[in-house]
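Please keep the structure in view while reading the points below.

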Amino acid sequence: MRYTAILAALVVLLAAGSGPAGHTDTPRQPNTDVPAWVADILEAKPQDCDWQREYTGTIAALGADPARFRVSEDTRLYGRVRFDERLALINPTTPCRFVADTVRHEWMHLQQARAYGDADGVRDRYGTRDHTERVADCGARILGSTTTPYVDADFAHTAMYVGPCRPTDIREARHLIAWGTP
Ligand SMILES: [Zn+2]
């Protein structure tokens, strides 16, 4: 995933600025000079990214019901779904470049809630939270998302990663997507 690679490169660059190994008499300061090409990439996207347009535009592109979405800080993550209410919450602090991917992921959860009734029904269907998340992210990928941390091997070192999309996950995701708008 592109941003992960860029951030990893940035971390390496910052670490590389700590001076020659073996000289410990002066305190090492991290090098905060960011090369111009890194700064360009990091700053280019937010400037031309309109949060509200990403949010409403993605909901419209999905053909989703806007009443099923709410901008709310009542989530520790970028977004979450209250299955029993069939309501998606999108955190207003979610970085603009991740808003569309978050909306697609939460819409997949809305489709799960619609298909299986409520939180109990979703649990009965998938068994585990990991399976529920994997299907949601596989669906988000099918819908065009590029940041899908539950299934993207670039995130294998993080707590979010649960494993790659399996054929059964993709079939399930396609079924939920084909079912259309609630
Ligand atoms: Zn989720």
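Q111 touches L176 and W179, leaving aside residues up to four places away in sequence; two residues are in contact if their C-beta atoms, placed from the backbone, lie within 7 Å. The model is predicted: local features need pLDDT of at least 70, side-chain atom pairs count only at pLDDT 80 or more, and totals for chains, interfaces and linings use all residues. Residues are numbered from 1 along each chain as its sequence is written.

**Confidence**

- The protein chain has an average pLDDT of 84, and 74% of the residues score at least 70; pLDDT is the predictor's confidence in each residue, from 0 to 100.
- Over residues 1–24 pLDDT stays under 50, and for this stretch the model has 19 contacts beyond four places in sequence.

**Q111 and its surroundings**

- Q111 lies in helix α4; helices (H or I, at least four residues) and strands (E, at least two) are DSSP runs, numbered from the N terminus.
- Q111 counts as buried because it has 26 C-beta neighbours inside 10 Å.
- A residue is buried if 20 or more other C-beta atoms lie within 10 Å of its own, exposed if 12 or fewer, and partly exposed in between, with C-beta atoms placed from the backbone.
- Q111 and A173 are 62 residues apart along the chain, and their C-alpha atoms are separated by 9.3 Å.

**Helix α7**

- α7 has 12 residues and reaches 16 Å from its first C-alpha to its last, close to the 16 Å expected at 1.5 Å a residue; the expected span is 1.5 Å times one less than the number of residues.
- The buried residues in α7 are D169, E172, A173 and L176.
- They lie on the same side of α7 because they cover an arc of only 100 degrees around the axis, the arc being that of the directions from the helix axis to the C-beta atoms.
- An α-helix has 3.6 residues a turn, so residues three or four places apart point the same way.
- P167, R171 and A178 are exposed on the other side of α7.
- Among what covers the buried residues of α7 are α4 and α6.
- After α7 comes G180, whose phi is positive, near 80 degrees.

**The largest nonpolar core**

- The largest nonpolar core has 30 residues, and those with the most contacts inside it are I59, A88, I90, V103, W107 and M108.
- Such a core is a set of buried Ala, Val, Leu, Ile, Met, Phe, Trp, Tyr and Cys residues joined through C-beta atoms within 7 Å.
- At least two residues of this core come from each of α3 (51–62), β3 (87–90), α4 (96–116), α6 (129–142) and α7 (167–178).
- α4 gives the most to this core, with eight residues.
- Not counting residues up to four places away in sequence, M108 touches V135, A136, G139, A140, A173 and L176.
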